[in-house]
Amino acid sequence: MVIENKPKYKVIGTRPVRPDGIDKVTGRAQYGADIHMQGALQGRMKRSPHAHAIIKNIDVSKALALDGVKAVVTAQDLAGPGGDVSTLPDAAQNILASRKVLYRGQAVAAVAAINDHIAQEAVKLIEVEYEVLPHVLDVRESMRPDAPILNETMRTRGPNPGDGATNIVAHTVAAFGDIERGFAECDVIVENEFSTKMVHQGYIEPQAATASWAPDGQLSIWTTTQGSFPAREACAQLLNHPISKIKVTPTEIGGGFGGKISVYLEPVAALLSRKTGKPVAIRMDRIDVFEGTGPTPGTSIKVKLGATKDGKFRAAYADMAYENGAFAGSAAMYATMVITAGYEIEHVKLDGFDVVVNKPRTQDYRAPSAPAAAFAFEQLVDELAEKLKLDPLKLRLMNASKEGSRGPMGMPFKRVGHEECLEAALNSPHYNPPLEGPNRGRGVASGFWFNVGLRSSVNVSVQPDGTVNLNEGNTDIGGTRASLAMQLAETIGVAFEDIKPGVVDTDSVGVNDVTAGSRVTFASGMAVHEAGKNLIKELTTRLAPTWQVPVEEIEFEDGTFKTKDGAKSGTFKEIATQVVGRGVGLTVSGSVNAGFLAGGGFAHAIVDVEVDPETGKVTILRYTAIQDAGTAVHPAYVEGQMQGGAVQGIGWAINEEYYYDESGRMANSSFLDYRLPTSLDVPMIDTIIVEVPNPLHPFGVRGVGEPGIVPPLAAIANAVCHATGVRQTQLPMSPRRILETTLGIG
Amino acid sequence: MSGRTYVSAKINGEQMDFLCEPRQSLLEVLRDELGMTGSKEGCNNGNCGACNVIMNGVLVNACCVLGVEAQGGTIVTIEGVASGEDLHPLQRTFLDDAALQCGICTPGFIVAAKALLDKEPDADEARIRHWLAGNLCRCTGYDKIVHAVLDAADVMRKTPAKV
Amino acid sequence: MQAIEYIAPASLAEAIKVLAHHGGAARALAGGTDVIIQAREGRRNVSVMVDVKHIAETTELSLSPDGSLRVGAATSCARIYDNAEVARLFPALIESVSLIGGIQIQSRASLGGNLCNSSPAADSIPTLIALAATCEIAGPGGKRSVAVEDFCTAPGQNVLQPGELLVALTFPAPKPHSGAAFERFIPRNEMDIAVVNAAASVTLAADGSTFESGRIAMGAVAPTPLFVKAAGDALAGRPVSAATIDAAAAAASAAAKPITDMRGSAPQRTHLAGVLTKRVINKAVERARGA
């Protein structure tokens, strides 16, 4: 569904096959664990069995004595004295703890051996003496003054730092208008408390890294990462090694969703390689991934929303506590940027609490913080709709943010598509026929994610045959070789097939920030556009003497160079073949800093469920995902992002959770018991792409990776409420939870 | 005890001989001993399907098979699904239908779907979803994968000789 | 994984000899979908794997003319459900073996392996109990038979002694006017361990109005799969009615002594025991009336 007239693009909006596709359907593509270097050793991490303990001693002698073991490293091998790296103290402790372990699964040592089986045996032989401490797993419990303290030096950042040690990392306050007056003006007020559990991104490829430290100090790293440049930077600091001597080559990446931004294995493999003089590969297994990487926070969110009797939102308050895991994070701060951003509400006050608990250090997961916030807020919107006897979509439409409304951090929105998404939902074939049948319910919800811009840099080279190589520094996690090549093809007026995109190492292109925040097709697309323009300019300059006309006489339009009088002309490929095929090489670059906020993206979901009244099982009958893509560069890949986000949201809503036992151990750290949705658990996911061009991008592109996961949690909760009459305030809405809330069993 | 055993098996049509330790899984043997890294490790305990291969005519998780059990057997991996330059119809439809994003689960899905369509060329959506329930994908939400398998089945029914 | 020795005997006698020689450190390897993973994850101490898939007696699948069935312990789930005649006569067994893992697991996992793994939540065992299957065990001292409901002794434990091998499972021919069914409850639709599972086998009077007898079994509600004799007794001699079936379901719920873990809570499991028992009896009755 195209909302506004958009320019007639030739390549953008088509659905070519991705350039890396053949390798990925034939098994040729090389992912993190596929790097096999001659003579490489295999590494394994020794991990803490305790949720909270002081490390008294680490004895590696028995491990070192095992036949086939080549080296063992601990935090003492990191850059700083005693394993403290002053610039990245938390990251250092997180990859190799020296003083305390703050969660079960935290790494304390690593082994390199001639094969993985021996490395595993050696890990068992490392003896770590612990003094076990009381642990805290629940975010609200951790905020209490009597909670076990994770970090004695922590003081709360924010208005009330307090004087004692605390687990509250930061208190973020966002306030607009006069909250008390706002609620006083309301005719209807709804409020409730919600909670969600820690969940994992669930990428299928475990982390894997290979490092080779040459005698001259050149360090080469191959890793599956969402950020080869950030990985280089982190390794430089953790190893106290100049970035000029570190080259990070990103392999193909088997999913990330935010979970493959941080380094875990890379610096450790580097240390083991330095010690042994051989390449060292470390591959996580699935338990390592669940226990030792960064899932996304569990939350506790109290929300209050008030409206006038005609349905106009007047005031909103939220108290949001987000688990950061073992070390400081900023999820609750993000939550204050998104929870009310979808609506025009004059009076708003938001308190965000980032809190440490004895669980893995949390990381981003697709629109980090937003799904849990929407789970809370969008249920209250539905409650208001019920109380006011208004259609839930029309109530949202009446209050939706639009151009000029207050957005994240109080900044006014530029053109955004929330209203258009809601209109698309209202007019959809899904919403119009009423849902029939017993035990069934329909729910809707909106979602917002701010999207980020940040820095991107690409190199573009013209080949003698007039084709163009595009080298980028962001990992292709779901089709960005295609989406960037398409934007370059559009810019320079050539066929998609004439662009050959490649993802290159950190030595071969300018700085690129993370492959995250829905930024690559957006920001790297801007860099590509910039490079394309530079390329045209350079070709024009070189063409002028050939055509014997002044540069100003040459125009480039619609893929063709021509003199203003029309006497001479040639397509890009013809001209490039002439100029470069017979002349010197031509390489240009495009580099941008697209800023922090990238225009924001809205998504909406309509979902039908059936709830088995006897077992509490929720079945998803039908799901429609609606999203503003700005301009859909490759519509099939946009649909894929929407469908993937929807199904991750379904998993999060219904079954996924870190299930902890009393000892602070995750009891379900396998794909058997951490239940990702299977193909049998979901229906086809219908999509409606809305296109409200993003004024921040030359082609109107918006990031599309993240917003799709924001609405499903709330939409499903609203649907379950309609099916059962019971409001769901806690995730997951597992059969067990539904039985508890509907039949009181449990 | 940890000596290496001689194993001979037909892999993707080629007779291959290799040595492996009995504790090595077929997946380890394929990836680490034979350099065939198309089969992926996602869970190493039979719950994700990323390592699916067809062994002696049936679909198995290579992580749940010992390498030594391959003795005398026949194995088809993702590397053996295309014939020369001709992609298998499933490989073609996975590309055309945008059925992969990160691609890590793709080899397992294609091998699993091939095992299904070889056995049941008329499999419908419900059957495909049931058959593929042992293969996890976290990127696509399965929609385009199921479409790709349906489309490949269609192609294969129309051009049976090619397959 | 710890280093292991792999032996693939070609006869039952040889297998027994090897198992007896290595004692408790040896473990039979059929489909390997449990034992390989358990050894890898350090959950079972195994230093010798004895591959029992090259032995005639453990890999047979034979249906007698009278309808009784013999399934070699190493026979894969897929071979069982791909056999149309077995599928027609033993639909409950098919329901069980079609739910053990995904397709990739079923192509290797064996009925004997599922039983010998002796998980309280095993998906085949309640059906084996309901169908009154018998375990044929061979060992250094000869052969013996054990009723399947007496086989499991604790989670992961059973009556097999070191050196003994489960050779086959035998099933009596289905009686006229009888039917059986199996169901499990899981949060997803595939790939999960049962929160609770249940199987029922019923025999009706010729006119289909009365239960003559019934056998009910459940899983994941006790340390071993549970044969609930009281639930079957609640059916025998009574009319086929909602009240009778509710009474049997109540007996099943009452027999359940579940724990709370990550897969389900104790009250949830007790409740589901009743729900599933009712469902499987109803389905078994439907089949008995069609039989």
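Which hand does the crossing of α11(A) and α18(A) have? Here are a few notes on that and on two other contacts in this predicted model.

1. **Helices α11 and α18 of chain A.** The crossing is right-handed. Helix α11 (residues 370-388) of chain A packs against helix α18 (residues 712-724) of chain A at an angle of about 35°, and their axes are 7 Å apart. On the α11(A) side you will find P371(A), A374(A), F375(A), E378(A), Q379(A) and D382(A), which meet L713(A), A714(A), A717(A) and N718(A) of α18(A). By class, this contact has six nonpolar, two polar and two charged residues.

2. **Helices α14 and α15 of chain A.** Helix α14 (residues 480-492) of chain A and helix α15 (residues 520-547) of chain A have axes that come within 8 Å and cross at roughly 35°. Here α14(A) passes α15(A) in a right-handed crossing. Residues of α14(A) in the contact include T480(A), L484(A), L488(A) and I492(A), while among those of α15(A) are V520(A), G525(A), V528(A), G532(A) and I536(A). The residues divide into seven nonpolar, nine polar and one charged.

3. **Chain C against chain B.** This contact draws 20 residues from chain C and 22 residues from chain B. On the chain C side, β1 (5-7), α2 (35-40) and α6 (103-106) each supply at least two residues. The most comes from α6(C), with three residues. Sorted by class, the side of chain C that touches chain B has 10 nonpolar, six polar and four charged residues.

Methods. Residues numbered from 1 in each chain as written. Chains lettered and ligands numbered in written order. Predicted model: local features only at pLDDT ≥ 70, side-chain atom pairs only at ≥ 80, totals over all residues. Contact = placed C-beta atoms within 7 Å. Helix = DSSP H or I, 4+ residues; strand = E, 2+ residues; numbered from the N terminus. Nonpolar A, V, L, I, M, F, W, Y, C, P; charged D, E, K, R; others polar. Axes fitted to C-alpha atoms, helices over the stretch in contact; angles between N-to-C directions. Left-handed = near helix turned anticlockwise from the far one by under 90°.
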